[in-house]
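Here's a quick tour of one model, strand by strand and then core by core. Have a look at the sequence and the fold before reading on.

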Amino acid sequence: MTEISTSKEAAGQPTARGDRIAVVIGSTRPTRICPDIASWIRDVAQAGSPLTYELLDLAEVGLPLLDEPLKAALQQYQHEHTRRWSRIIDSYDGFIFVFPQYNWGYPAALKNALDYLYYEWRDKPATVATYGTRGGGKAATQLLTVLQGLHMRTLDDHLELAIGDNDVDDNWQIIDVETTLHPYRDNIRAIDEQLIEALKDDQQ
């Protein structure tokens with residue numbers, strides 16, 4: 001599912017800044033619905049956009065719990081999995097983090113992935129797409145604070161996707177992603193426009 005490339009050339013994409021946006025699948029649990037939601041967001045954002053939206057699945061990246069002996073800001077990485085993660089993140093120009101709300105917070109795997117790095121995140125535009133029975137607003141607030149701490153440029157808009165019991169089947173999978181998430185299409189178009197504008201500013 002995830003196109004994990006370590007450079008724009010390796011991915012076969014143009015190297016101009018502002019081209020690649022990672023839609024990060026921020027849940028790693030086996031029964032997650034996050035990939036379906038992230039794929040839908042990617043497809044809607046991609047339609048008509050000059051940017052290239054790609055899925056980046058933390059479950060496939062498979063980072064262990066943070067095991068670097070030195071702080072990330074030094075960029076003196078001791079492990080190849082960290083260096084590889086650094087190359088992956090460095091190859092992207094912006095991010096949409098997609099994740100569920102767990103007990104009013106966000107998944108530990110996502111915080112772990114963020115904490116591995118520092119400068120690779122800095123100054124890049126980002127937003128979040130949370131989901132839960134009430135949209136996941138508390139988790140969104142928490143992660144937006146972390147992104148600001150990493151000196152990312154958080155967009156004005158983010159997504160809080162309400163997914164109720166009637167939207168899922170007996171296996172807790174979304175019955176019809178398009179029907180459930182259709183009301184948020186205009187919000188995603190607004191996010192795409194904000195990402196385009198943010199990356200256009202970088203090129204001026």
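Is strand β4 (residues 125-132) largely enclosed by the rest of the structure or left exposed, and why? This is a predicted model, and in it eight of the eight β4 residues are buried, so the strand is largely enclosed by the rest of the structure.

## Both faces of β4

The burial holds on either side of the strand. Pro125, Thr127, Ala129 and Tyr131 point one way, Ala126, Val128, Thr130 and Gly132 point the other way, and all of them are buried.

## Who pairs with β4

Start with strand β3 (residues 94-100): it runs parallel to β4, and six bridges join the two.

## The nonpolar cores

Now for the packing. The largest nonpolar core counts 33 residues, and Trp85, Phe95, Phe97, Trp121 and Leu143 are the ones with the most contacts inside it. Elements giving two or more residues to this core are β1 (20-25), α2 (58-61), α3 (80-90), β3, α4, β4 and α5 (137-149). Helix α5 supplies the largest share, six residues.

Setting aside neighbours within four places in sequence, Trp121 is in contact with Trp85, Ile89, Phe95, Phe97, Ala113, Leu114, Leu150 and Met152. There's also a second, separate core of 31 residues, and Val44, Leu161, Ile174 and Ile191 are among them.

What does the confidence look like along the protein chain, in terms of mean pLDDT? The mean is 92, and 90% of the residues reach 70 or more.

One stretch needs a second look. Over residues 5-18 pLDDT stays under 50, and for this stretch the model has 34 contacts beyond four places in sequence.

Terms used. Residues are numbered from 1 along each chain as its sequence is written. This is a predicted model: local features need pLDDT of at least 70, side-chain atom pairs count only at pLDDT 80 or more; totals for chains, interfaces and linings use all residues. Side-chain values use heavy atoms; hydrogens and water are left out. Buried means under 20% relative accessible area, exposed over 50%, partly exposed in between (1.4 Å probe, protein chains only). Helices (H or I, at least four residues) and strands (E, at least two) are DSSP runs, numbered from the N terminus. Two strands pair if DSSP finds at least two bridges between them. A nonpolar core is a set of buried Ala, Val, Leu, Ile, Met, Phe, Trp, Tyr and Cys residues joined through side-chain atoms within 4.5 Å. Contact means heavy atoms within 4.5 Å. pLDDT is the predictor's confidence in each residue, from 0 to 100.
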